[in-house]
Amino acid sequence: MPHDSFADRVPHSREPIDELALADIKSAILGKLTLAIGKDAGIATTHDWYRAAALALRDRITHRWLLSDKDSYDAGRKRVYYFSLEFLIGRLFTDALNNMGLLPLFTAALGDLGVDLDVLRNCEPDAALGNGGLGRLAACFMESMATLGVPAIGYGIRYDFGLFRQIIADGRQQEYPDEWLSFGNPWEFPRREVVHDVRFGGHVERITDDKGHEHWLWHAAETVRAVAFDTPIVGWRGAHVNALRLWSARAPDPLRLDVFNAGDHLGAMSAQARAEAICKFLYPNDETAAGRELRLRQEYFFVSASLQDLLDRHLRADGSLNRLPAKAAVQLNDTHPSLAVAELMRLLVDEHAMEWDAAWRIATRTLSYTNHTLLPEALEVWPVDLFERMLPRHLDIIYRINSLHLDRAEALRPHDVDFRAAVSIINEKTHRSVRMGYLAFVGSHSTNGVSALHTELMKDTIFRDLDALYPGRINNKTNGITFRRWLMLANPGLTDLLREACGDAVLDDPTRLAQLERHAGDAAFQQRFAAVKHHNKRALARLIGARLGIDADARALFDVQIKRIHEYKRQLLNILEAVALYQEIRDAPRRDVVPRVKIFAGKAAASYRHAKLVIKLVNDVARVVNNDPVVGERLKIAFLPDYNVSLAEVIIPAADLSEQISTAGMEASGTGNMKLALNGALTIGTLDGANVEIRDHVGADNIAIFGMTAEEVMARRARGLDASDVIMRSPRLARAIHAIESGAFSPDEPDRFHAIGHALRHLDHYMVSADFDAYYEAQRAVDRRWLAGPNWTRASILNVARMAWFSADRTIREYAAEIWHVPTLHAPSRPGRRQQHQRSADAR
């Protein structure tokens, strides 16, 4: 399949290549191939060359890393510890080459050795450490913290198999292990000397010392060892390097020799298998009791190991836990790490013998919490009996936190039983359970939302009563994305055009994008801009053809929805509109229709049956539509399997239309909307999440907003979920639903989608039916704009020009100034002669 060289397309320094540095790079790669891989160049495989090149690059990164670490410790700087169950870092090879400014040198060196960089980069698997926006946001933030010189460590779990590898067979999602570590990971440093014991189960003994002071002794039933693996995260231009520390689980005794010798060979390894299960998969199915227990074990395992680690680090550097808030800021990325509140209190009170009040002041001043969702299931609620069995000491601590918290509620609203029940960390209404989102809120000095709308909805809904009890604690930090990956690496053609229009400084300062506005109406520039987009669309069309056998015309409108499959994200609304459009084409075959390629990608949780049924529906509709000669090239539907960062880097630059159509009030922010707009896609979306702020920045004329507002959604839900009235008023919608539920797209099983039809008619919680007509009309307005070619291109250019505010660097500066209270550096600028000399030294 023909393609452009990746290295040729990625923007890099226009300085001539240093021949001495080039020779050093070649020597380093050959040295790694011989001494680290144990291969001669004549017999080395492509993967051998990739590992050798990666290790040679890692050596150069490590020098910067150690220097960054030493400088921050010598200066006594405060550090940020970012706790996240996901880090969707993608491939690191070209990302690190680009940020280190070594891409031209490595490209030339490998070329001289007879190796194509493009081939090597495809050897690297995507690190299976996350699922969707949450993990990708964490990765963007880690890169931005390094770029801005914020000393930071990301803490998470080193998953053996990640979420899963998605296979689409007969239109259905099937899940398989993602064996991303099968060839090892050249980026990580095993720190086998960094081990922390994490305990589970058992019972708690209360003892009184000879001074009358009470102490609690936790007699755990099980111990698991957390072993550290470090990956360096390089900032832009290599100015600063931070660490991503991931934990792997081991049993203290990997093999019970006495049990083995007694003949129970499998039983002898059961403790090791139980321990290793913690880091096998991200988000194990929690429909079963065993699954729920494993989820809680995962969350506590990484929180405990990380807090033990950072306390050890702090004590070595400072010596006093009283100064912890001045030297450490712990950011909880969503509710998964909320056990940090109870665990930090346990460590301070039980392990370091601090008084409760002093420990609580330290904990709350150190911890801060980012909420990413208004969905109740994502706020996490764990049964009290599960806590009693797994984490008995933590349950005691949570009870005490809750008691003091309820005293505060009583002081604010005396004798208001309903208010106390509403704010209680322990839910007493049905089955007694621990509200983990409430625990994170109460135990942190800051709770932030991730878009302006989301933050206001937090105050009005899930945290309304807590906001009254702790006024001023809720604040907003709208998400952002790293332009280095999502523009420079993903869309080098556009980046080169931006450098011409805005100057090379645009690589360092996203606000320079605003200079693009003066070119938006220029016909010659529009042609060049459209040519870049067409080039990217041809690349995606080739990929669709190679993977799916679908002939996608790059001249068509590429309509893209790429995100986790969930009912509130409304892939169903998208495919329902496709069905209605298909029916209209069939009704009037000779009518002119804007050709479209609808592109879907995303994974459904393994246990989310309805979302998996939507995937099947998309593929069934695609099979019928794509093979209908009446339709021809006017409508194609493609579901690309196994969506990940690398696939996104191909899809996003090629998108014409960005589908951000979640039910209003349910998407916290979204970052895919930002990536797509930055690459020139026009957004069709609801007033949800960061769509609101994108509209405010790009202008209402350059975005297609439709549908109900969050307030209107809540009002309609209050009246009931039956959509019969809506369907009755919309013959187009009624016909599309009938086709789906009567088997028009599933003749082998006519009632396959009966559940979807029933939900659309009678359980329209996500307002798919209620918003359908508005969505359909918005799509036809999109058609009209597409036909006015220069008008479309102008809007596309203005989207790019006005996206600077959505840089993750801006978001991190806000966190640093307003929550963490750490200084940031200006993003490194284009290197001068002295910095270029240092870069040549790094190459050597």
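Lys598 stands opposite Ile637 in strand S19. The model is predicted: local features need pLDDT of at least 70, side-chain atom pairs count only at pLDDT 80 or more, and totals for chains, interfaces and linings use all residues. Residues are numbered from 1 along each chain as its sequence is written, and side-chain values use heavy atoms, with hydrogens and water left out.

Strand S18 (residues 596-601) and S19 run parallel and are joined by 6 bridges; strands count as paired if DSSP finds at least two bridges between them. Both belong to an open sheet of 6 strands, in the order S19-S18-S17-S20-S21-S22, with parallel pairing. Its edges are S19 (635-640) and S22 (704-705), each of which pairs on one side only. The elements named here are DSSP runs numbered from the N terminus, helices being H or I of at least four residues and strands E of at least two.

Two helices lie across this part of the sheet. Helix H22 (residues 523-548) lies across strand S17 (557-562), S18 and S19, and runs at about 70° to S19. Helix H24 (residues 609-626) lies across S18 and S19, at about 145° to S19. Axes are lines fitted to C-alpha atoms, for helices over the stretch in contact, and angles run from 0 to 180 degrees between N-to-C directions. Contact means heavy atoms within 4.5 Å.

H24 also packs against H23, at an angle of about 20° and with the axes 10 Å apart. H23 is therefore roughly parallel to H24, a term for angles under 35 degrees; over 145 counts as roughly antiparallel, 65 to 115 as roughly perpendicular and the rest as oblique. The contact is made by Gln571, Leu572, Ile575, Val579 and Tyr582 of H23 with Val614, Leu617, Val618, Val621, Val624 and Val625 of H24.

H23 (residues 571-587) has a further partner in helix H32 (residues 768-787): their axes come within 10 Å and cross at roughly 60°. The two helices are therefore oblique to each other. On the H23 side, the residues that meet H32 include Leu572, Leu576, Glu577 and Glu584, and those of H32 include Phe772, Tyr775, Gln779 and Arg780.

These elements are part of a chain with 35 helices and 22 strands. Its C-alpha trace spans about 95 × 75 × 60 Å along the principal axes. With 844 residues, a compact globule would have a radius of gyration near 28 Å, and the chain's 27 Å agrees; this radius is taken over C-alpha atoms, and the globule rule is 2.2 Å times the number of residues to the power 0.38.
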